[in-house]
Amino acid sequence: MAARSLNVLREQARGCRNCPLWARATQTVFGEGAAHAAILLVGEQPGDQEDRQGRPFVGPAGHLLETALARAGIDRRQTYVTNAVKHFKWVAADQLRRPRSAAESAGRKQQAKGHAVPGEGRGKRRIHQKPSTTEVRACQPWLLAEIEAVGPRVIVCLGATAAQSLLGGGFRVTQGRGQPLPSPYGAPIVATVHPASILRGAPDEREAALARFVGDLRAAADLAGAPSVRSSGPLDRRPAIRPARPEGEAGPTSGAKTTRVDEDRKRRPGVASRPDRRPAIKRTANGNGRLARRALP
Ligand code: SF4
């Protein structure tokens, strides 16, 4: 059921035009992974490789994430991986220099408004651009719909954009990383850094940064294996970025009935509950780092 829902969402997201980012990207990069994953990881947005291949976390940051997950004893195939924003926001490397002519300057203004310019980006290096708050807000219904469909036991926010999408603009990863944070999304959140930030860091600090990242992922795995953990407590809050109502038929909430998350909010505002209908995960006894599924009591 949930897998079909994800497929429907994926198909709908292909035609999303809820913000200007679709115009300059190759395709929508929707989440992928286990339909009932206990751990759902959220990044910022697709990068260059993800945009070309149409899959999340397949570039250098994705490879580092996979390494870190393995070190934390998590099989990536048992997780669901997605991004807060589903289209690649970028600028051509040569756009970062001063424009050489009025025509070039005008073209850049068109691009800044989200309009595609014929031939742009071909054969040029594309530099990642951080999505704006408006773009994150426009894309949030897709993320919430994925969380609703997967029903994870823990949500891992990779980096500030993902964390702020779900925890509000005032949240700082540096203050709350690695801690289980109550959320209204039916599962606690663990916020940590984006693996790309480790790659960007000083080479002699990378191993320590990776070790800390692995520690955060391990904390999330422990949380996902603890059936008594539920999202509740003083940090419960609604997202500061309110889900925008998608325009047209492409939006995941267009014409939608009340969702399970909405029901949870009504029943116990700020405290999410979720039927224990899915298998949870725990570490295997042989300590080989793999996670094994088990039925909830
Ligand atoms: S809202 Fe998301 S999926 Fe829709 S166009 Fe913007 S980035 Fe793409």
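Me: Which residues have the most contacts inside the largest nonpolar core, and how many residues does that core have?

Reply: Start with the general idea. In soluble globular proteins, nonpolar side chains tend to be buried together. Now the case here, in a predicted model. The largest nonpolar core has 65 residues. Those with the most contacts inside it are Ile39, Val42, Val154, Ile155, Val156 and Cys157. Helix α5 gives the most to this core, with 10 residues.

Me: Let me take one of them. Where is Cys157 found, and why does Cys157 count as buried?

Reply: Cys157 is in strand β6, residues 154-158. To judge burial, count the other C-beta atoms within 10 Å; 20 or more means buried. Cys157 has 31 such neighbours, so it counts as buried.

Me: What does Cys157 touch, leaving out residues up to four places away in sequence?

Reply: Its partners are Val42, Ala162, Ala163, Leu166, Ile189 and Ala191. Val42 also belongs to the core residues with the most contacts.

Me: How do I read the whole chain?

Reply: Take the totals. The chain has 10 helices and 10 strands. Of its 297 residues, 41% count as buried. Then take contacts between residues at least 6 apart in sequence: 78% of these join residues at least 24 apart.

Me: Now a helix. What span should α3 have, and what span does it have?

Reply: At 1.5 Å a residue, the 12 residues of α3 should span 16 Å. The end C-alpha atoms of α3 are 17 Å apart, which agrees.

Me: Which residues of α3 are buried, and where do they sit around the axis?

Reply: General idea first. An α-helix has 3.6 residues a turn, so residues three or four places apart point the same way. In α3, the buried residues are Ala61, Gly62, Leu65, Ala68 and Leu69. Seen down the axis, they fall within an arc of 120°, so they line one face of α3. These buried residues pack against α8 (195-200) and α9. After α3 comes Gly73, with a positive phi near 80°.

Me: How does α9 compare with its expected span, and which of its residues are buried or exposed?

Reply: Helix α9 covers residues 206-224, 19 residues in total. From first C-alpha to last it reaches 27 Å, close to the 27 Å expected. Buried in α9 are Phe213, Asp216, Leu217, Ala220, Ala221, Leu223 and Ala224. They cover an arc of only 160° around the axis, which puts them on the same side of α9. On the other side, Glu207, Ala208 and Ala211 are exposed.

Me: What about backbone angles? What phi does Phe57 have?

Reply: Most residues other than glycine have a negative phi. Phe57 is not a glycine, yet its phi is positive, about 55°. Phe57 is found in the loop between α2 (48-53) and α3 (60-71). With 27 C-beta neighbours inside 10 Å, Phe57 counts as buried.

Me: Last feature: the ligand. Which residues come nearest to it?

Reply: List the residues around it, then sort them. Here there are 15, and Cys16, Asn18, Cys19, His87 and Cys139 come nearest. By class, the shell has nine nonpolar, three polar and three charged residues. By element, the largest share comes from helix α5 (residues 133-150), with four residues.

How values were computed:
Residues numbered from 1 in each chain as written. Predicted model: local features only at pLDDT ≥ 70, side-chain atom pairs only at ≥ 80, totals over all residues. Near = placed C-beta within 6 Å. Helix = DSSP H or I, 4+ residues; strand = E, 2+ residues; numbered from the N terminus. Nonpolar A, V, L, I, M, F, W, Y, C, P; charged D, E, K, R; others polar. Buried ≥ 20, exposed ≤ 12 C-beta atoms within 10 Å, placed from the backbone. Contact = placed C-beta atoms within 7 Å. Core = buried A, V, L, I, M, F, W, Y, C linked by C-beta atoms within 7 Å. Expected span 1.5 Å × (residues − 1). Arc of directions from axis to C-beta.
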